[in-house]
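Trainee: Could you walk me through how to read a model with two chains? I would like to start where the chains touch.

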There are 2 protein chains.
Amino acid sequence: MNEIKIFCPATIANLNCGFDILGLCLDVIGDEMIIRKSSNKGIKITKIEGANLPIETKKNVAGVAGLALIENLDLDFGFEIEIYKNIKAGSGIGSSSASAAGAVYGINELLDRPFTKIELVYFAMKGEVIASGSEHADNVAPCLLGGFTLIRGYNPLDIVEIKSPNSLYAIVLHPHIEIKTADARAVIQPMIPLQSAITQTGNLGGLIAGLYTNDYDLIGRSLTDVIVEPFRKHLIPHFDDVKNSALQNGALGSGISGAGPSIFALCKGKEKAKKVANAMKKSFLSTNIKFDIHVSQINSEGTKTIMN
Amino acid sequence: MNEIKIFCPATIANLNCGFDILGLCLDVIGDEMIIRKSSNKGIKITKIEGANLPIETKKNVAGVAGLALIENLDLDFGFEIEIYKNIKAGSGIGSSSASAAGAVYGINELLDRPFTKIELVYFAMKGEVIASGSEHADNVAPCLLGGFTLIRGYNPLDIVEIKSPNSLYAIVLHPHIEIKTADARAVIQPMIPLQSAITQTGNLGGLIAGLYTNDYDLIGRSLTDVIVEPFRKHLIPHFDDVKNSALQNGALGSGISGAGPSIFALCKGKEKAKKVANAMKKSFLSTNIKFDIHVSQINSEGTKTIMN
């Protein structure tokens, strides 16, 4: 196999009570990449469509992630990468992670899988540094592995795949506004009340238990964020109204996707998800800000080959 | 049925990463109580053996918990309670919780179960206030329900029973020292670094996932406390040595039971648990402080009737 075409899905990180440790994989939105072996060593980005991103390998998320993977292998060939972006940068649904995950997944396939998908998370995180300034795995892990993933810890990296019910759907509403990374970070408090940490831990425990036992009510009761959302939501116009519309129409929970500005909701069943999406859409229309909205089943497969 | 004899087990709360929200139920150590219907309304404590505790109903944990249960029922009779304490007060393995849980369990049985065990937690918490000054459920919930229990939240009270593997054993070493409540509380920081909360949340998620999937290694990796143990352990002589002995001999994890001074460890299998208990015992002997040590399977039943 010399060439592979892959799908790298969007993801929702944080999920209310899982700040920095939890994420899930979507299936209706994602980038495509074509990766092929090349007689030239190293990695060359040969095409980027759909986004204005640096094409220089060491400045490109996919390039850096790919280099991290191959740097310890003694290869006498290299790779060319074409990137077709559908996930908008800065949307809060894992745009850079999809590029990082796609690069390492595709290269690993072309090399006949020297690494497991979980091992690939490590390399993809190296690419994430270019986009976010820090190594984090809460988007690249669900993007590669699919489903819900928990980052138990980083020292060493410890990824846990969490079983989830089949009828869980996610809605993502992406307002076309830019939240500056500096602003998103500035509202996060470096010190928090112990009581908030206890509340958050209880909710995260409830969410994990609810996912394992298909207890949708428990999942819903657990989807609460007392640490970040109360501060960050003010950066997203109309956040409370959209969230309340989702909850009033039967969503299990709703919150900020990643660092925003996307707003997500989780629902039981496709019909309920469509109803909730309509309500969120209607609520946001009054802002006159452009937006996309997606309804997606949880993608249990993660990054995948679509042609080889 | 006019009289019931019950067993009210000891419990371990906090379990490293579940400060204030997680507990488990032991089966080799616990109190016994005899509760009988009386023609006199209200509740009368008629006997307390094994501990020097107030016999006045409104100053006694069992009395207050029992009163909380019956106060909304229009009964033309009351109850007498005999308490046989085996769990030492201030040991950190739920002595007051056992009394509170036992009282409400026994009265509920004699009334033909108007309440579920989960509903009884609410009344038992009222008794806990007498002992600890605040309503908390992380001991009374596992004492009543058995197994591992998670307090997802208090407003409203939301108890989640967590499935756990059959071969899990707990060891409890109880040093015969008194930690003053004021000292145990003084070392707790009201504000904590966000990063510590993230680490703790990741570990709690890992522990819950490990319990559901019988993944003992994951359970072990998750049994870490970065919030309370680093400060509270200094109140327990020889804590680090006992903990390290447990870990070096194959314990999955070890930490402070409740607010201490008891030190617990969790193990896979009875033989490993005995080996770990011996190592902990040997390590603590050098202190010349008296202690008890118990090896117990997880008690899946909780408070139970032993004669009626």
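**Reading the contact and the folds around it**

Mentor: Happy to. The contact takes 35 residues from chain A and 35 residues from chain B. Keep in mind that this is a predicted model.

Trainee: Which elements of chain B supply at least two residues each to the side that touches chain A?

Mentor: They are strands E5 (148-154), E6 (157-162) and E8 (191-193), together with helices H6 (194-213) and H7 (216-222). H6(B) gives the most, with 14 residues. Sorted by class, that side of chain B has 20 nonpolar, 11 polar and four charged residues.

Trainee: How many bridges join E8(A) to E8(B)?

Mentor: Three bridges join these strands, which run antiparallel. As one pair to look up, A:Met191 has B:Pro193 as its bridge partner.

Trainee: How should I think about the way two copies are arranged?

Mentor: In general, two copies of a chain are related by a rotation about an axis and a shift along it.

Trainee: Let's turn to a helix. Which residues of H9(B) are buried?

Mentor: In H9(B), residues 239-248, the buried ones are B:Phe239, B:Val242, B:Lys243, B:Ser245 and B:Ala246. Looking down the axis of H9(B), you find its buried residues within an arc of 160°, so they line one face of the helix. The face turned away from that buried side carries the exposed residues B:Asp240 and B:Gln248.

Trainee: What do the buried residues of H9(B) pack against?

Mentor: They pack against strands E7 (168-175), E9 (253-256) and E10 (263-268) and helix H10 (270-285) of chain B. After H9(B) comes B:Gly250, whose phi is positive, near 100°.

Trainee: And for a sheet, what is the strand order in chain A?

Mentor: Chain A has an open sheet of four strands in the order E9-E10-E7-E11, with antiparallel pairing. E9(A) and E11(A) stand at the edges with a single partner strand each, so one side of each is left without a neighbour in the sheet. From one strand to the next, the twist averages 15°.

Trainee: Which strands of the sheet does H9(A) touch?

Mentor: H9(A) packs on the sheet, touching E7, E9 and E10 of chain A, and its direction makes about 5° with that of E10(A). H10(A) packs on the sheet as well, touching E7, E10 and E11 of chain A; its direction makes about 15° with that of E7(A).

Conventions:
Residues are numbered from 1 along each chain as its sequence is written. Chains are lettered from A and ligands numbered from 1 in the order in which they are written. This is a predicted model: local features need pLDDT of at least 70, side-chain atom pairs count only at pLDDT 80 or more; totals for chains, interfaces and linings use all residues. Two residues are in contact if their C-beta atoms, placed from the backbone, lie within 7 Å. Ala, Val, Leu, Ile, Met, Phe, Trp, Tyr, Cys and Pro count as nonpolar, Asp, Glu, Lys and Arg as charged, and the others, Gly among them, as polar. Two strands pair if DSSP finds at least two bridges between them. A residue is buried if 20 or more other C-beta atoms lie within 10 Å of its own, exposed if 12 or fewer, and partly exposed in between; C-beta atoms are placed from the backbone. The arc is that of the directions from the helix axis to the C-beta atoms. Axes are lines fitted to C-alpha atoms, for helices over the stretch in contact, and angles run from 0 to 180 degrees between N-to-C directions.
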